[in-house]
Every structure is written in structure tokens, then in C-alpha cells.
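Me: Could you walk me through this structure, starting with the annotated sites?

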Number of protein chains: 2
Amino acid sequence: MRLNTYPQKETWSELVKRPVLKREKLTETITEIFDEVSKNGDRALIEFNKKFDNAEVETIKVSQKEVVEAESLVGDALKSAIQQARENIARFHASQVPQTEKIETVKGVVCWRENRAIGKVGIYIPGGTAPLFSTVLMLAVPAQLAGCKEIVLCTPPDKEGKINPAILYAAKLCGVTEIFRTGGAQAIAAMTLGTESIPAVYKIFGPGNQYVVAAKEFAQNYKVAIDMPAGPSEVLIIADGEAVPAFCAADLLSQAEHGSDSQVVFLTTDEKVLEETVRETEKQLAVLPRNEMAAEALRNSHFILMKTLEEALEFSNQYAPEHLILAMENAEQYISGIENAGSVFLGNYSCESAGDYASGTNHTLPTNGFAKNYSGVSLDSFVKKITFQNLSEEGLKNLGKTIEVMAEAEGLSAHRSAVSIRLKATE
Amino acid sequence: MRLNTYPQKETWSELVKRPVLKREKLTETITEIFDEVSKNGDRALIEFNKKFDNAEVETIKVSQKEVVEAESLVGDALKSAIQQARENIARFHASQVPQTEKIETVKGVVCWRENRAIGKVGIYIPGGTAPLFSTVLMLAVPAQLAGCKEIVLCTPPDKEGKINPAILYAAKLCGVTEIFRTGGAQAIAAMTLGTESIPAVYKIFGPGNQYVVAAKEFAQNYKVAIDMPAGPSEVLIIADGEAVPAFCAADLLSQAEHGSDSQVVFLTTDEKVLEETVRETEKQLAVLPRNEMAAEALRNSHFILMKTLEEALEFSNQYAPEHLILAMENAEQYISGIENAGSVFLGNYSCESAGDYASGTNHTLPTNGFAKNYSGVSLDSFVKKITFQNLSEEGLKNLGKTIEVMAEAEGLSAHRSAVSIRLKATE
């Protein structure tokens, strides 16, 4: 832990810095994987499963039978938890469907926007010890609400060639259309290029290791869009004298356990809250199972005493955290001062894990300072907004002169003629 | 012109293909320019002005005095045209400001989103023979409406070191905060890295040549966002028997005059309309001043006879045009079938140049098939949407079990504890 008391503003730019990730040059590896998938399709994926996941599978596609079977393998408590989370996420994201409002900018000139789903989207869910079914919900629920026709999910198989039943259950519940057992860069390559069984998609979502991240970047060379740039997860807490140190410590740890590169920042104006939160963090860390990663993340964390809450907010805006917790009595009154953040949690009962799982907001958020220029995933991430315009004869008459003058001044004669020829025809 | 009658669906994937752009490997050049700007700041920009634009300038920043003087150099007709366009663009984009709607997903759990402006944005306006003041309007108006604090504009100077007065006038009218005379990749480098006079921005917008495009891509390595991937401009027209061939031809030419790589596609179900549109296009081309580029673009254009309007729409969705004109009697009834397009123009009086300049919609749109997965520029492009949540004690009690079960199943103990510790405290 790095403790800091009333740091000078000149030092902030150092304090808000994220560690530079030593990312190896993976371009060569990624290019080879894309080439291999392009050439050998499903066969390449089956080979990669052997090589990277130590798994023998016969078919890449998960059968309907397996999906149905998975349902019986998930416990009832987890099933109803997943159902409640799905419902809340659906409710919140459904509120993001805009009303179409037609605007008559000038008499006879009507303009509006309409949402259209991105036809085919791909969701990547990493493997590893924990089955990230919550990320299935966060990506498939808005995809389904948006109306995406094909929602493809790729995730690596375990050593038996199986997919965790909770992932299959969540995928089925949220309208994923096809599931494939393939992971890593080769899964991204498959969704980019298409194989015999996996369709090529227009946009790829989801987290992953450095190979997956590099493959998503590489996919953009093939005109595929991606959700957002990647970086380690992070939380910044601003606490006043009413904050509960034990709660704050628990939130800091729930961020720290994501990985040793997780970013944890605690700002407070109250010396006692600072001391107690540090003590509580150490206490809770000691009893946390598998706490090595959290311990390492905490070594790089910042605990900073600030003069005022306004100053803390200014620091936070400069840091641009993925998650911002306002553990403050009158949290709502500071909302208008928030400029850069992914998702904001207000008061002592809004813990980050509520948003991670079940409150309804999305947990796919901008990290690494990208909250300055990117939004988290929402319904918007799964649609294009198309503009429409309808000019009546009167509309063109009202606007014609303006267009002609501007086109002429930009030296675009044919742009001008497209108006003139119509105006002449109506004389 | 390439004429085609009732092409088989199997051949469509060839017909919708964009020419692969031979883009030279510019990485080395771009890296050098970024290095130079990083090392020498404004001085580097002044040198680049000499080298690339043949212009001697003393200061990069355009003075307030020059901006004020520009106003008197723009004719009254152009001024009022620019004003009307600005007003319409502002009216349409203002309608994109969302109402904040708080959603209670579960009793005691309230979630919502709020827009926050991207603090600093950069607008690039290319040089050349025509002053693209319309692009200034399209980018600065939504930036100002969004509330971006710093709106920086870079554009190359002419040989006398001057900026076209129409650009300066439009920039002032739309709240651009600072204007700099620098162009090309070095302007993008300057807005990415910052110099003594040019602030580093969080997102860069605007068109440009292959160096500018490559520099924008490169800027993303420095955590800067960009508006969208680039490609040549394009139009697809679907015409029925009620279309006016002379109008269609004028629209095709207004697309073709953008450059020799412009894409022009004409689909109709009416043989006579096809023939006459071809004839009209040739006739109008002949009298178009500086028509070499348009002529070249037309050589690669497609004129296709389709069996039905539905089939034409299906082709269009596969092509995903930047601009889609429905030159049809009942255009509105085909709207729901449109899946992929940047901006749509309905009926015989909605010419593309209306949207290019003055109807109110944005003209910065996805090209090159990117209408499948990207939207055009809108107010959204200048904001982040931050999610908020406020859980009361009751809210956490209603949601607690769900979060605990899910966190446990994902193996994230601290996520679970953050809930448990709060629930225990309220017992």
C-alpha cells in the first residue's frame, strides 16, 4: 500500500498513472494463428484445442443436447440467481431503447434516427478456473434486446472437452444462437474470418488474456469492430467521515482479487477513516482464500488523504476510474462534478459487486483511463443508429439556396446541380 | 459504368466488394513524424509547414485577430447559408440529448445513465483547393452541444500561411476554442501528444488523406480515440418507376465528384429508368466542370436491373452503403427493411447534398461497408455515457443473495464478502 497525505497537485499526474503493461510483441504469433484458421478452419481449431487447452474434441460446435443437459447440472440457487440478474440487466438495458423522434429542422425537412441491430455479433468468454457466466449475461442480454440475429459465443473447453454448465445455461437463457468450444486468439480469428461451423461476425465483445486482446486488435484489420480497448480492472473510492471502513475495505479487496495488476485507489478526507480502512483491508485480506493476487494488487494500491471532497473528485476525474464508489453521506450532490468514470456507485450500500452481477448496469467498462473517451457496453454497443431524412418539394425550396451556396463555395458543382436541377423542375 | 441485369444472388458478394485500397506501409513515416513532434513540438510543426505545405508561418496558433478579420472576408450569402446550416445541425443534434430516466430494477435498486462530454476533442480539416467548412459545422456543432470544454481545430495553411476565412468563420460560429495552422500526420501527432501551443486531446475527428488516416490509427496507441475507420465516400440509389432519371443522375454525379475512388451504385426495377439514368448521367457529366475525377469514379460504378424492390433492398443491406437514396414513390414503407446504411434519403426531393450540408443530419458517416457495424457521427460521439446506481439498505437486502451466489460460483470470494459484510451489519 502506498500512503499519501495531501499530495500536491503537481504530483497527481504521477499518482494517476497506470503501470505500463509490458505487452510482448505478439503480432507474429497472432498472424500465424489467423493464417492457420483461415487455411484449415475447424480442423485448425481442433488442433489448437489439443495444443493450448489440452483438450480432445470431435466437434467445435456445442450440440443442442449438451446445452439442454447443462440445465440439469446447474444448482437451483444459482439458476434463480442467474435469472434474477438477467431480468435486472434486461430491464435496465431495455430502458436504453430510444424513442424515435422526428425533427422538422425546417418546414418540409424532417430528420430522425432509428436503431438497427448489428446483424452478427461474437462474444468471447475466457476459460480458466472460474466460469464467467456473468459476462455472458452482460453481453448476450443487450445483444438479444438489440435484435442481433446471430449471437455467437466462443469459449475454451476444459480438459474433458466440456464447457462449464453455468455458461451454457446463461447462454441459452439469453438467446445466444450458437456456442463453440474454442478459445484464445484462434477463437477471435474464427469469429473474424469464419470457418465451416463458425460464422464471421461484424463485432466482437469480451475479455481475455493478452493473446485475446492482441487478436481483437488484429481483427480490426478485417473490418471487424470490437467493444473497447482493454486494460486491468480498477476501482477508486472516495470516502467521507460517514463511510464504513469495513465496507470500503471489502470493496477494495473485491477489486484486488481480480488479479495482481488490478488498480485500487482509496481517497478520503477523514484521517480516522483512512487508518481504519487500511487496518480493515489488512484484516480482511488475511482471511481471504487464495489471497496472493489480492495481496500483490494491494502492494501497488494508493491510500490518499485529501483536503476536501471536491479535491478528491478532481483527482478522480484525472484518474478516470472504471468503477467509482462514493462512500459518502450526500453522494448524490457530487454527481454533477463527475466527469470521467465508467460506472458510479453511490452511498454505503452500493457495492461494486452489485453492478458486477445483478443490479442491472453493465460490467463491461472502460479501464486504464479510457473512461475519458469511451463508454461502457450498453444497448448502443449492439446497434447502429441510422439517420433518415425526408424533404418535401417545399422543404427543398426552403433549403435549396443554402445548399447551392455552400456547395459552390466548396467547389463541388455536382452537389450544387443536384439541388438546382430539382428546383428548376418545380418551377 | 458496369451494367448488370438480374444478377444471380451468388454473384452479389462480388458486386458489393469495395476495391481494395493499395495503402502503402506508412508506419515508418508516421513514427518519424510522431517522434519529431514529440521532440520539437511547435518548431517541428513550423518546419513541416515549410516542407509539406510550402508555407512560412511564425506561429502555429491562429490569433483572435485573424479570426475576427476572417468574418469580413466571407460574403454575406455564404455567411447566412452557414448560419442556416448550423442552426439545422444544432436542432437535429440537440434532439439527441437523452432524458435521464432512473430505473428501479428491484425495489431499492435505482440505476441510470448520464452523458458527460469528452473533455478535449480535436477536429482535423484537410487543406487542398476546397475549404471544407461544412465539416467544421458537422464536427464542432455536436462538440459544442455535448459541452466539450476544449474543441481544437487543426488545418493546413495555404502558401501564404493563411487559413481559408470560411473555415475560420464556421469555427468561430460553432465554438471552436483554438485553431492551429498545421496539417497532415503532424497535426494528428500534435493533437495526440500535445505541443507548447496545441493541447493533447482525448478523441480526434475528421477526414484526410492516407497520411492523416494512418496517423489517426497510430494515435490509438497513445490511448486517443478516433471517430471511425476511413474509406472512400459512396452512394447507393434504389429507384422505382416513379424515380426521375435526371435527379438520380445528378445524385450519382454528386457522389462521383468526390474523387476517383468514390463508389456509385444504382439499382432499379424499371428498365426505362435504368436506360434514362445512364443517358442522363453521361449528359450531365459532359457539362460538369472539372469532371475527370467523376468520370473515373463512374467507370467503376454499377447500374443494376433488379427483379423487385425487396431484392434491391436485400442487395443494399449486403452492400451497406454510406448514403442510401430511396428514389421511390412509397419510400417510407421500405424503411423497416433497411438493416445497414449510414444515412438514408427518402423520395425524389431528398438529395444527398441536403444531408451533406444543411438538413441537419451529420455527414460524417461509415463508408467501405462499415455501416454494418458503425454509426455515423452524432452527439453520442462527443460524450461518454456513465452508469450510476444507488442501492438502499433494502435494495441490497433484495439483491444480496443473488450476488453472493453468483460471486461464489465464479470463485470470487471478496466479491461475495463485500455483500455479506454489509448484510451482516444491518442484521
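Me: Happy to start there. Which residues does the UniProt annotation "binding site" (unreviewed entry) that includes A:Tyr124 cover?
Reply: Keep in mind that this is a predicted model. The UniProt record, an unreviewed entry, names A:Tyr124, A:Gln186 and A:Asn209.

Me: Is A:Tyr124 buried or exposed?
Reply: A:Tyr124 sits in strand E4 (residues 120-124) of chain A. Its side chain reaches the backbone nitrogen of A:Gly184 at 2.7 Å. The relative accessibility of A:Tyr124 is 3%, and the cut-off for buried is under 20%, so A:Tyr124 counts as buried.

Me: And what is the relative accessible area of A:Asn209?
Reply: A:Asn209 belongs to the loop between strand E7 (203-205) and H8 of chain A. A polar atom of its side chain lies 3.0 Å from the backbone nitrogen of A:Tyr211. A:Asn209 is partly exposed, and its relative accessible area is 44%.

Me: UniProt also places a "binding site" feature at A:Ser233, A:Gln255 and other residues. How far apart are they in space, between C-alpha atoms?
Reply: This feature, again from an unreviewed entry, is placed at A:Ser233, A:Gln255, A:His258, A:His323, A:Asp356, A:Glu410 and A:His415. They are spread over 183 residues of sequence, and in space they are spread up to 55.5 Å.

Me: Which residue's side chain has a polar contact of 2.7 Å with the side chain of A:Gln255?
Reply: A:Gln255 lies in helix H9 (residues 245-256) of chain A and is buried at 0% relative accessibility. Beyond its neighbours within four places in sequence, its contacts include A:His323 and A:Ser233. The side-chain partner at 2.7 Å is A:Ser233.

Me: Which residues of chain B are in contact with A:Glu410?
Reply: A:Glu410 is in the loop between helix H14 (393-409) and helix H15 (413-425) of chain A. It is buried, with a relative accessible area of 3%. Leaving aside neighbours within four places in sequence, the residues in contact with A:Glu410 are B:Ala130, B:Pro131, B:Leu132, B:Phe133, B:Ser134 and B:Tyr357.

Me: One last topic, helix H2 of chain A: at which residue does H2(A) bend?
Reply: A straight helix of 27 residues would span 39 Å, but H2 (residues 27-53) of chain A spans only 21 Å between its end C-alpha atoms. Its buried residues include A:Val37 and A:Gly41, and their cover includes helix H7 (184-193) of chain A. The bend is about 125°, at A:Asn40.

Key
Residues numbered from 1 in each chain as written. Chains lettered and ligands numbered in written order. Predicted model: local features only at pLDDT ≥ 70, side-chain atom pairs only at ≥ 80, totals over all residues. Heavy atoms only, no water. Helix = DSSP H or I, 4+ residues; strand = E, 2+ residues; numbered from the N terminus. Expected span 1.5 Å × (residues − 1). Bend = angle between axes of the 7 residues up to and from the residue. Buried < 20%, exposed > 50% of the residue type's maximum accessible area, 1.4 Å probe, protein only. Contact = heavy atoms within 4.5 Å. UniProt positions renumbered as here; feature names shortened; annotations may be inferred. Polar contact = N/O pair within 3.5 Å; in protein donor to acceptor, adjacent residues only side chain to side chain.
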